[in-house]
Amino acid sequence: GTVSFSQPLRALALRRFIDPAPFIPHDPDHLSERAEELLSIQAHGLARRLRHTHAQKLVVGLSGGLDSTLALLVTVRAFDRLGLDRKGIHALSMPCFGTTQRTRSNAEIMAREVGADFRVIDIQKATLQHMSDIGLSVEDRSTAYENAQARERTQVLMDIANAENGLVVGTGDLSESALGWATYNGDHMSMYGVNCSIPKTLIRWMIDAISEMPAFAPSRAVLQDVLDTPISPELLPPDAEGKIAQHTEDLVGPYALHDFFLYYVLRFGFRPTKIYTLACRAFAGDFEPEVIKKWLKTFYRRFFTQQFKRSCLPDGVKVGSVTLSPRGDWRMP
């Protein structure tokens, strides 16, 4: 006879753990070794570029933020690897309309403590002159107002590198590259990008881990203050109390979410609906589903519209398993 069988359809809950920070190492027994490995890979790539180009100096714009702080630490390690005098590292603070005393002070303290050459070049007069030349009002707060500052800083860095027979070290990270959160031909450009394959969440983790290394013990306090400083491009004037008024994550969204999205786009090529489902589980209790959906839409919009910035990225070292270099891992359809 005929045997019939039926199984009612029912929704099954996903039971496995979804890591909300997939780029960050979690093995408690090997955290310091992992941080040392990442730093060494970055420094080795930069050291090779120095030897290959016969450059004598390195120039880095030091804002007092996360990315430029890590870039400086990488540069120090590269110079030590090559046996070069750290005074050959030219760390530049270029304050303008939005620079706060906190970040400017941290930049100087950091440069002094690692033994780099530190210079302050105020770019306000040059930026105001440029704005006057192109007919941009001093009251303007558009993208042009912000980008004029970023491009002026890049011009200063590039010209000093030329004068010193050196290279400009790029500070931009993988998260910023994915979102296009950079000024085209401004902080988007350098002669070698040491952070180009490291996402923002991992940079924060690395600085925290590096601050615990004996080699950087004198800089521990300032590194911790850098970690406590809000992420900001500091392109808009500070508030009435002199504090940072422009917060990056208010504008483009939380980097914790964007790095999660980026991981599953680059590593696995998952479709948006699957990434959304995974994110809702990973960030349950931290972000509401509507918030996750909002920033996921922002991620995809920016990821596609900002490809033109990634198509002409400078060279940089690949540290982890993914990067957005047009010469290696990433080909935009």
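Which residues in helix 10 meet which residues in helix 11? Phe260, Phe261, Tyr264 and Val265 in helix 10 meet Ile275, Leu278, Ala279 and Ala282 in helix 11. By class, this contact has eight nonpolar, no polar and no charged residues (Ala, Val, Leu, Ile, Met, Phe, Trp, Tyr, Cys and Pro count as nonpolar, Asp, Glu, Lys and Arg as charged, and the others, Gly among them, as polar).

The model is predicted: local features need pLDDT of at least 70, side-chain atom pairs count only at pLDDT 80 or more, and totals for chains, interfaces and linings use all residues. Residues are numbered from 1 along each chain as its sequence is written, and side-chain values use heavy atoms, with hydrogens and water left out.

The axes of helix 10 (residues 255–268) and helix 11 (residues 272–282) cross at roughly 140° and come within 10 Å. Helix 10 is therefore oblique to helix 11 (angles under 35 degrees count as roughly parallel, over 145 as roughly antiparallel, 65 to 115 as roughly perpendicular and the rest as oblique).

A nonpolar core is a set of buried Ala, Val, Leu, Ile, Met, Phe, Trp, Tyr and Cys residues joined through side-chain atoms within 4.5 Å; buried means under 20% relative accessible area, exposed over 50%, partly exposed in between (1.4 Å probe, protein chains only).

| Core | Residues | Members include |
|---|---|---|
| Largest nonpolar core | 81 residues | Leu70, Met206, Phe260, Phe261 and Phe299 |
| Another core | 15 residues | Val59, Ile160, Ala161 and Val168 |

Thr103 lies in helix 3 (residues 101–114) and counts as buried because its relative accessibility is 3%.

Conventions:
Axes are lines fitted to C-alpha atoms, for helices over the stretch in contact, and angles run from 0 to 180 degrees between N-to-C directions. Helices (H or I, at least four residues) and strands (E, at least two) are DSSP runs, numbered from the N terminus. Contact means heavy atoms within 4.5 Å.
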